[in-house]
Amino acid sequence: MLRASQTTWKTDTGRQRKDNEDSAFARAPLFVVADGMGGAQAGEVASRLAVEAFQAELPDQGAPEERLAGRTKEANRQIYDISRTDQERAGMGTTLTAVYVDDAELAVAHVGDSRAYLFRDGQLGRLTQDHTLVEELKRRGKLTEEQAAEHPQRSIITRALGVDPEVDVDTRTYGARAGDVVLLCSDGLTSMISENQVASVLREESDLDRAAERLIAEANEAGGRDNITVILFRLEEVEDVASPTGEQPTMTGLPATDESAAAAAAAAAGAATSGTMTSARPATTSGTAARVPLARTQGPSRHDRNGRGRRRRPARLAKPVAALATVLILVFLIGGGGYLATRQLFFIGTNNQGIVTVYRGLPYDLPFGVRLYESFYVSGVPVKVVSAARRGEMLNHQIRSQSDAISLVRAAELGQLTR
């Protein structure tokens, strides 16, 4: 059976922020990092509410993944309700990454772009996948790693707690073993230094308290553009009893990192520490939560009544005038060779996943399920990240040329339509 034998967490405001909107909770076997967003200290409130939801014992029923997801959804609802009733908190949200040590496994729950890593035998493996616009574009093959690193909208997140009444929570369980070191952090760390640098610090510093201090210092030296929060803990065997098979659990399902670290031995446990605050920059705490940013930018919600999270379905023809129009269109298409003409017509909508899509044809559904359009180009942009003003302009089913439609969607992919 494994437990966290050495635990440390540190937080720092960074060099370019006045306030610290990160929060953290570190009490074995549960560890949580949240990175808030929103003006007038609303982000600070959102992240604090998120970690406070985990301060009570997790429910007894269900697998650890289910229990973490359930508590995350409870936090989401609470943050959302407050943002709807308190004008000063409107629009607030937060990322959340939680890790629960369960015997010889690590259960992970994740929303946003804070991260969890596992460091083993000198190598660093990422346990979470960012919910960001840039990560979505990378997954779709529309950005390379190099382009993503310099993308002007790399900080746009596609999923967060508190933005919608319901939230999708990524969960996964990984095998663990004695000697593993687990890192949870806000993106104030990973947006400033590379995974290779993180691995190098962990290889060089066997004492986790010093390792956390160095990680924060290096992020600040690189610019410190955001709040920086780091939680580190090492796993140890609490009973000197071998498993029946005599085998140690492996890092099952551990995703490969984008940057490989050279193998080296990472070493012995140091003295236990907990909750130490770095003094490099002013930082504040509230209760057990330290206020110190988001594996999809808040994605479209199926509960959105304005069509922002649903597919913008082409209007169905109805009533006598619409029926007559249907007949005329069919006559035109079939008898007049108009079908070929529609191949040069394009409009913009969203698909069933709420992703901005270019369609070829006319924006009409005919009776009997006949569509006068087809998908031509699926972007990597969730419609939710497009500003409300530009969304109406883009998704009005206006007939466009191919170049005009593609140009508008490319602008969305570059983050130029978020305001």
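Figure 1. Y373 is buried, because its relative accessible area is 9%; buried means under 20% relative accessible area, exposed means over 50%, and partly exposed lies in between (1.4 Å probe, protein chains only). This is a predicted model, in which local features need pLDDT of at least 70 and side-chain atom pairs count only at pLDDT 80 or more, while totals for chains, interfaces and linings use all residues. Residues are numbered from 1 along each chain as its sequence is written, and side-chain values use heavy atoms, with hydrogens and water left out. F347 and Y373 form an edge-to-face aromatic pair, with 5.8 Å from centre to centre and 80° between the planes. Rings of Phe, Tyr and Trp (its six-membered ring) pair if their centres lie within 6.5 Å; planes under 30 degrees apart count as stacked, over 60 as edge-to-face and the rest as tilted. The pair links distant parts of the chain, since F347 is in strand β14 and Y373 in strand β16, 26 residues apart. Helices (H or I, at least four residues) and strands (E, at least two) are DSSP runs, numbered from the N terminus. F347 counts as buried because its relative accessibility is 1%. One aromatic cluster is formed by F347, Y359 and Y373.

**Figure 2. The pair F346 and F376.** The structure holds five aromatic pairs. In the pair of F346 and F376, the ring centres are 4.9 Å apart and the planes are at 65°, so the pair is edge-to-face. F346 belongs to strand β14 (residues 346–350) and F376 to strand β16 (residues 370–382), and the two residues are 30 apart in the chain. F346 has 2% relative accessibility and therefore counts as buried. F376 has a relative accessible area of 30%, so F376 is partly exposed.

**Figure 3. The largest nonpolar core.** A nonpolar core is a set of buried Ala, Val, Leu, Ile, Met, Phe, Trp, Tyr and Cys residues joined through side-chain atoms within 4.5 Å. The largest one here has 27 residues, and those with the most contacts inside it are V32, F54, L68 and L161. At least two residues of this core come from each of β3 (30–37), α1 (42–52), α2 (64–85), β5 (96–102) and β6 (105–111). The largest share, six residues, comes from α1. Apart from this core lies another, of 24 residues, including I156, F346, I406 and A411. In soluble globular proteins, nonpolar side chains tend to be buried together.

**Figure 4. The surroundings of V32.** Not counting residues up to four places away in sequence, V32 touches S23, A24, F25, V51, F54, L96, T97, A98, L184 and I231. Contact means heavy atoms within 4.5 Å.

**Figure 5. Strand β11 and its partners.** Strand β11 (residues 228–237) is mostly covered, with eight of its ten residues buried. Two strands pair if DSSP finds at least two bridges between them. Strand β1 (residues 2–12) pairs with β11 in the antiparallel sense over ten bridges, and I228 in β11 is the bridge partner of D12. Strand β10 (residues 181–185) also pairs with β11 in the antiparallel sense, over five bridges. Here V182 stands opposite F233 in β11.

**Figure 6. The salt bridge between E236 and R3.** A salt bridge is a side-chain nitrogen of Lys or Arg within 4 Å of a carboxyl oxygen of Asp or Glu. A search of the whole structure finds 21 of them. In the bridge between E236 and R3, the closest N and O atoms are 2.7 Å apart. E236 is in strand β11 and R3 in strand β1, 233 residues apart. E236 counts as partly exposed because its relative accessibility is 26%. R3, at 47% relative accessibility, also counts as partly exposed.

**Figure 7. Two buried salt bridges.** D180 and R120 form a salt bridge whose closest N and O atoms are 2.6 Å apart. D180 lies in the loop between β9 (170–175) and β10, and R120 in strand β7 (residues 115–120), 60 residues apart. Both D180 and R120 are buried. R126 forms a salt bridge with E195, with 2.7 Å between the closest N and O atoms. R126 is in strand β8 (residues 123–126) and E195 in helix α6 (residues 195–204). R126 and E195 are buried.
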